[in-house]
Every structure is written in structure tokens, then in C-alpha cells.
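Hi,

Here is the structure I promised to pass on. My notes on what turned up follow below it.

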Amino acid sequence: MDRLLIQNVHVPDLRRGTRRAHHQVLVEGGVIRAVTDEALPAAGARVLDGGGRTLLPGLIDCHAHVTFSQTNLALLADMPQTTLVLRALPILRGMLGRGFTTVRDAGGADWALKQAIDDGLDGSVLGPRLFVSGPALSPTGGHGDFRPRSDRLRPLGCGCQRLASTRVVDGVDGVRRAVRELLQMGADQIKIMSSGGVASPTDPIDALGYSVEETRAIVDEAAARHTYVLAHAYTPAAIRRAVDCGVRSIEHGNLIDAPTADRMAERGAWAVPTLITYEALAQGGVRLGLGADSAAKIERVRAAGLRSLAIFKAAGVKMALGTDLLGGSHGLQSEELLIRAQVQSNLEVLQSATLIGAELLGQAGQLGEVSPGARADLLLVDGDPLQDLRCLTGQGEGIALVMQAGRIVIDRRSGPTRPPTEGQSGL
């Protein structure tokens with residue numbers, strides 16, 4: 001197997017918040033085999049001198065839409081699938097360059113795109129490891145039904161099932177079949193709409209989405225395939241309904257109250273706040289194509305964002321990191337770290353983007369940590385993010401190197417690297 005020895009790096013312990021100096025990390029076959037401050041045998045290994053930089057696990061964005069290249073989602077309705085994918089490629093490369101080596105796509109990306117990245121060992125398709133939901137499920141008139149108001153509602157058989165990568169489906173039997181079909185088509189988890197939303201034109205924020213019976217049926221079908229459901233939900237009523245029906249992951253949650261957060265903690269549900277997207281939409285949503293009806297909804301959820309973080313934190317709800325950016329705002333992805341740091345400590349923010357995200361994805365011990373047995377998704381960072389998260393922001397300028405499954409996919413280091421010693425090959 002290919003062996004790589006990374007020397008002279010500082011490895012933060014993201015569970016304890018400590019930073020260990022002068023470590024060596026041995027990678028073999030794309031997996032971390034050893035992490036130690038003692039000398040490791042380097043015979044037959046390539047050597048990478050970290051130059052005293054910080055070695056972090058790759059970041060995890062648990063709520064992204066890699067195929068949403070337009071801010072006005074209705075404009076994606078008639079876009080050919082090939083065009084959607086081609087426009088997603090620079091979005092994917094940008095995410096990887098910012099240090100996000102894993103992304104849970106919350107509606108839009110499919111199994112084929114995920115597989116193309118997994119198979120792209122020759123570098124032809126670069127992007128984060130994807131956990132895909134396929135099209136999100138929405139009830140008629142819910143967040144995901146992008147048909148305009150009309151006295152002649154366009155029937156679902158005329159293409160509306162693919163509007164903005166959502167699928168409009170109603171009734172217990174209907175949602176059961178839809179979940180089974182999505183799982184057969186390769187979805188890793190199921191996304192549903194449990195409340196109204198910002199980007200859809202005809203549903204109020206505080207509208208409820210799927211009924212209790214429909215939600216339970218969706219959760220039951222997902223559980224039968226050993227996976228889970230994530231729910232778009234803003235209000236306490238929508239969140240409580242979803243959580244009581246067994247939904248594992250609440251997306252956004254801006255209007256949460258303390259009793260509902262306590263209920264989430266009791267039920268073991270995760271929260272995935274996505275505050276950067278409201279900043280982006282407030283600053284340029286209309287200019288970038290957001291409809292007027294949607295623009296009017298932004299301020300209500302934006303104003304409640306930081307308060308929701310504080311409520312989740314006080315209740316002990318696990319928070320993974322998400323961004324939910326659209327169109328031209330994808331480049332703001334890393335700014336979510338700084339928004340979180342207004343309420344959470346730097347360590348808590350990093351845990352959200354690594355350990356907690358991995359746990360939510362069912363990948364604890366495999367992703368989100370620098371430890372033996374984990375996949376070698378690694379970042380070589382100029383600076384100490386435990387002290388200053390800004391070294392992870394922007395477009396990855398502070399990230400000297402990005403490694404995915406033991407393969408260097410981004411290398412921004414300048415100057416000569418340490419020459420190999422006898423019996424070694426250099427990197």
C-alpha cells in the first residue's frame with residue numbers, strides 16, 4: 001500500500017481543545033495508521049514536512065446544495081441534468097479548496113454525481129465526498145413546491161416533480177413509495193419539508209409541512225433501510241412535530257424556543273443551523289435572482305439566527321455545521337465559522353464542523369478526526385484555528401494543503417520541500 005509520513009505538524013485534540021506539537025502522522029492506503037510524537041519508521045514511505053503547521057481533519061458541511069447554481073431556485077426547473085452537473089463542478093472544487101472534504105447534500109445531488117467524485121481518482125472530478133439526499137420531498141404547497149400562484153395549478157405530471165430538485169408528493173402511500181424509490185436510486189438519507197421556507201414563493205414560514213402520519217411513514221421507511229430523515233423546519237411547532245415523529249436532524253431551526261430545544265435534546269436530535277445563507281440573501285438575494293415574495297421573508301429568520309444558536313447550546317443540542325448557500329454566494333461557505341463563533345467557542349465551532357458532523361452522518365471514527373483508523377481527509381493549515389478561525393475562512397488561502405483519502409488534491413505550499421532521506425521518496 002502507498003505509505004505517507006507527515007512530519008513536523010501540530011495536531012489539535014478537538015475533543016479536549018489541546019494542541020500537540022511536533023507530531024508525526026502515518027497514512028497508509030488512504031487511512032491514518034498512527035499519530036504520535038515519537039519517531040516513526042519512514043523506510044519506504046513518502047515524507048511530507050508540515051513545516052510546523054496545524055494538521056486538521058477535513059471539514060464537514062452538513063447542509064449544502066452543490067447543484068444549486070442559481071439563487072432563484074425556480075430557474076433550475078427546466079435546466080437539463082447535464083447542465084446542472086457541469087455548473088456544479090466549479091462549486092464542488094471551491095468547497096474542496098476551502099477545506100470541506102465531506103458534504104451532506106440536502107437536496108439536488110444524486111448518486112451519479114457522488115459516484116463520479118468517488119471514482120475520480122485521476123482528478124477529473126474533484127469535490128468533497130458526498131452524502132446525497134436526492135430530491136427533497138415536499139407536500140403540495142410546501143417548501144419545495146415552486147409552482148406560481150394561479151387559478152390553473154400546473155399538474156404534477158408536467159415536470160413539477162423536479163422543480164429545483166424537489167419532489168412534490170402527498171399522502172402516506174405516496175410518501176412511502178417516494179422514499180423507497182429514492183433509496184433504491186442511491187440516496188444516503190431522506191430530506192423532507194416540515195415547515196414553510198424562504199426560497200419558495202407561496203408558503204408562509206410558519207406553515208406546517210407533512211402531517212404526523214406522513215412524517216412517521218417517511219421515518220419508518222428510512223429506518224427500514226438503516227438510515228434517517230432530515231427536516232427543513234423553522235418554527236417550534238414544525239420542529240416538535242418532526243422530532244416527535246423520529247426525524248434525526250433539524251435543518252435551520254431559526255425560530256426555535258427553549259422548550260422545543262429541550263425536547264430535541266431529550267430525543268437525541270441534531271440541529272444544523274445555516275446562518276450564513278440569510279446574510280448572503282439579505283445582502284444580495286434580489287440582485288442574484290431571489291423572488292420578491294421570498295425576499296420579504298428573509299429578515300424574520302435572519303434576525304433570530306444568533307438567538308437560535310444560544311438556545312440550542314443551552315439545551316445541549318448537538319449542532320453540526322451547515323451553510324445552505326445558493327448561486328453566487330457559495331464562496332461565503334467558510335464565513336459560517338465566524339458567525340458561529342459569536343455564540344460558540346472556537347473549539348465548539350471546530351467540533352461542529354468535524355466530530356459532530358461525522359457523528360450525524362454515521363461516520364464517527366471514520367471522518368472528522370485525526371486518529372488511527374480514520375480516513376486521511378486532512379488539512380495543513382497556516383495558523384492555529386483554536387485561537388483564530390480566520391485561518392480557515394475566505395477561499396482557503398490559509399490552507400496550505402488539502403488531502404482526501406490520503407491523496408493530495410489541493411497544494412498551495414510555496415518554496416522547496418525537505419529533500420527525502422536515503423530510502424525515502426519526497427513529496
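The protein chain has 13 helices and 18 strands, taken as DSSP runs (H or I of at least four residues for helices, E of at least two for strands) and numbered from the N terminus. Bear in mind that this is a predicted model: local features need pLDDT of at least 70, side-chain atom pairs count only at pLDDT 80 or more, and totals for chains, interfaces and linings use all residues. Residues are numbered from 1 along each chain as its sequence is written, and side-chain values use heavy atoms, with hydrogens and water left out.

Of the 427 residues in the protein chain, 59% are buried (under 20% relative accessible area with a 1.4 Å probe, protein chains only; exposed is over 50%, partly exposed in between). Looking at contacts (heavy atoms within 4.5 Å) with a separation of 6 or more, 70% come from residues 24 or more positions apart.

Now to helix α2, residues 111–118: its buried residues are Leu-113, Lys-114 and Ile-117. They sit on the same side of α2 because they cover an arc of only 100 degrees around the axis, going by the directions from the helix axis to the C-beta atoms. Their cover includes α1 (81–97) and β8 (129–132).

Lys-114 turns up again: its charged end sits over the ring of Phe-131, 5.6 Å from the centre. (That takes NZ of Lys or CZ of Arg within 6 Å of the ring centre and within 35 degrees of the ring normal.) Elsewhere, Arg-248 lies over the face of Tyr-228, 4.7 Å from the ring centre.

Cheers
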